[in-house]
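Trainee: I am new to this structure. Please take one part and go through it closely.

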Amino acid sequence: MPRSAIETHLFTPIGPYSHVVVSGNQLYLSGTPGIDPKTGQITDTTAYGQARQALSNLIAMVEAAGGTEQDLVTLQVHLIDVDDFKEMNRAFEELLSKPHPARTVFGITALPKAGALLTISGTAILSLSLIHI
């Protein structure tokens with residue numbers, strides 16, 4: 001099935017990729033750090049603040065395609081410091097409703113965006129009638 005990009009009003013990607021790609025009724029959401037869409041800069045120096053912003057960015061990606069936060073089915077988190085796990089979890093609890101999406105967390109050594117402590121990517125599944133291409 002061919003893929004299409006969904007237009008978002010987020011920050012400009014730092015490489016040749018789309019924020020959201022749709023294939024059928026599935027949305028593939030590129031990894032996003034805690035970047036403010038208006039400034040293109042990291043919003044906070046804490047994992048909690050960056051996780052809140054990254055999740056807000058992911059939710060905005062799903063909404064740009066016509067979905068809601070409830071359409072998120074799986075998320076992948078890449079953390080520079082696994083000691084930030086508790087703070088990252090706090091942001092997940094505050095922004096995501098139950099049942100929570102499935103999730104995998106990886107400890108990594110670096111991210112391409114200076115100051116980024118984490119990045120979150122994911123997949124959402126929407127009703128075909130909702131998708132805005």
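Mentor: What follows is a close look at one helix, its partner and a few residues elsewhere.

This is a predicted model, where local features need pLDDT of at least 70, side-chain atom pairs count only at pLDDT 80 or more, and totals for chains, interfaces and linings use all residues. Residues are numbered from 1 along each chain as its sequence is written, and side-chain values use heavy atoms, with hydrogens and water left out.

Start with helix H2, residues 85–95. Helices (H or I, at least four residues) and strands (E, at least two) are DSSP runs, numbered from the N terminus. In H2, Met-88, Asn-89, Ala-91 and Phe-92 are buried. Buried means under 20% relative accessible area, exposed over 50%, and partly exposed in between (1.4 Å probe, protein chains only). Down the axis of H2, the buried residues fall within an arc of 160°, so they line one face of the helix. That arc is taken from the directions from the helix axis to the C-beta atoms. An α-helix has 3.6 residues a turn, so residues three or four places apart point the same way. Turn to the face of H2 away from its buried side: there sit the exposed residues Lys-86 and Glu-93.

What do the buried residues of H2 pack against? Their partners are helix H1 (47–64) and strands E4 (72–79), E5 (102–107) and E6 (118–125). Contact means heavy atoms within 4.5 Å.

Now take H1 with H2. Two packed helices are described by the angle between their axes and the distance between the axes. Here the axes come within 8 Å and cross at roughly 40°. Axes are lines fitted to C-alpha atoms, for helices over the stretch in contact, and angles run from 0 to 180 degrees between N-to-C directions. H1 and H2 are therefore oblique to each other. Angles under 35 degrees count as roughly parallel, over 145 as roughly antiparallel, 65 to 115 as roughly perpendicular, and the rest as oblique. H1 passes H2 in a right-handed crossing. A crossing is right-handed if the near helix is turned clockwise from the far one by less than a right angle, and left-handed if anticlockwise.

From H1, the contact uses Ala-47, Tyr-48, Ala-51, Arg-52, Leu-55, Ser-56 and Ile-59. From H2 come Glu-87, Met-88, Arg-90, Ala-91, Phe-92, Glu-94 and Leu-95. By class, this contact has nine nonpolar, one polar and four charged residues. Ala, Val, Leu, Ile, Met, Phe, Trp, Tyr, Cys and Pro count as nonpolar, Asp, Glu, Lys and Arg as charged, and the others, Gly among them, as polar.

Look at Glu-87 in H2. Its relative accessible area is 30%, so Glu-87 is partly exposed. Beyond neighbours within four places in sequence, Glu-87 is in contact with Ala-47 and Tyr-48. Glu-87 and Ala-47 are 40 residues apart in sequence, yet 6.1 Å apart in space, C-alpha to C-alpha.

Next, the loop between H2 and E5, where Pro-99 lies. A cis peptide bond joins Lys-98 and Pro-99, with omega about -5°. Most peptide bonds are trans.

Finish with E6, one of the strands that the buried residues of H2 pack against. Ser-121 is found in E6. At 15% relative accessibility, Ser-121 counts as buried. Leaving out residues up to four places away in sequence, Ser-121 touches Leu-29, Ser-30, Gly-31, Leu-58, Thr-74, Leu-75 and Gln-76.
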